[in-house]
Structures are given as C-alpha cells and as structure tokens.
Amino acid sequence: MPFPLQPGAKLFFPNVVFRLLRSNLPPQQCVFRCPQQLNKIDIKSILTNLYDLSITDIRTMNYLGRTHKTRQGKRVRAANFKKVIVTMEEDFVFPKPPETKVDMANADERATKMPPKSAWGRNSANRLRHRLEEGRPNTVGEPLRKWKNEQKAKLEEEDKK
C-alpha cells in the first residue's frame, strides 16, 4: 500500500516508460522493457508505489539496440534498453484486449480481400489492385475514364442526399 501524502506535499511521477512484454514465464513473473539508467531499487519503488505490486525478486539484463542500414547506407543503432523480469507474490494476469465494434464473425465477409502477394515485378501489388474494384474495366484509356467518371458521379449524388 502506498504511503499517504501529507497536506501540501508534492507527488512526482517518474518520466520513465515501462513496456510490458508477453513471455512464457510462470504466472507470478512478468517481463518489462525500461531505460538503461534505472536500477533495481528504482524499478521496485516505481512498480510498488504506482501499481501496488508486492515484488519478491527483480532480475535485469542490458541489451544493445539493433543496428540497421538507412537508405543512404549509413549504419544506425536503435536505443539500448534494459529487460526486467519481476517476480511477484501473486499471479500476474494480462489485461483483456478491448472489444471492437466490428462483429468478428462476419468480418471476413465485409472485408475487402487484398490480392495475393507476388514475388516478381516492380510494384507487383499495384498491378493486381484493379481486381479489388468490381466492375472496373480491365483496359486502359477511354473505358477506364468513363468508369471513373461514373464512380465520381455516384459519389456526388450520395453526398447531395
């Protein structure tokens, strides 16, 4: 239980980001990612005071950020981080994902299916994109222009209504 604040006392929240990660650990353990400058004492005080956790053990591991090349060919390193495994007295349960407004049973019927990925050719996904729109002519030129104008006219009529 956090300590009660005295009248006039200020409460300072740390400017630190903890990322909760999924893992295959036992239920009383959870894994976080945090900045490297935090030590075990800081981590325990933040988690116990803000989230009211009863912590029994903390293990930390430092990791270097991954390196990758930019488009210009320069090598860039991502930020370093610290992985923290926290052991608690009670079991940790992940929060349930939020419910979506879309009915998942009929989601496949209403979703527009993307064309299959082809591994050859430049802009290969765009060559098959015309299959998404039903009724679109397969040719280029005048038939396609007529079809696009019809679609614009339909949209304008719907906007007026």
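Thr-87 is buried, at 14% relative accessibility; buried means under 20% relative accessible area, exposed over 50% and partly exposed in between, with a 1.4 Å probe and protein chains only. The model is predicted: local features need pLDDT of at least 70, side-chain atom pairs count only at pLDDT 80 or more, and totals for chains, interfaces and linings use all residues. Residues are numbered from 1 along each chain as its sequence is written, and side-chain values use heavy atoms, with hydrogens and water left out.

**Thr-87 and its surroundings**
- Thr-87 sits in strand E6, residues 81-88; strands (E, at least two residues) and helices (H or I, at least four) are DSSP runs, numbered from the N terminus.
- Beyond neighbours within four places in sequence, Thr-87 contacts Gln-28, Gln-29, Ser-54, Ile-55, Thr-56 and Asp-57. Contact means heavy atoms within 4.5 Å.

**Aromatic pairs**
- There are 2 aromatic pairs. Rings of Phe, Tyr and Trp (its six-membered ring) pair if their centres lie within 6.5 Å; planes under 30 degrees apart are stacked, over 60 edge-to-face, the rest tilted.
- Phe-18 and Phe-32 pair edge-to-face, because their ring centres are 5.8 Å apart and their planes stand at 85°.
- Phe-18 lies in the segment before strand E1 (19-21) and Phe-32 in strand E2, so this pair ties together parts 14 residues apart in sequence.
- Phe-32 is buried, with a relative accessible area of 8%.
- Tyr-63 and Phe-81 are stacked, with centres 5.3 Å apart and planes at 15°.
- Their pair links strand E3 to strand E6, 18 residues apart.
- Tyr-63 is partly exposed at 33% relative accessible area, while Phe-81 is buried at 18%.
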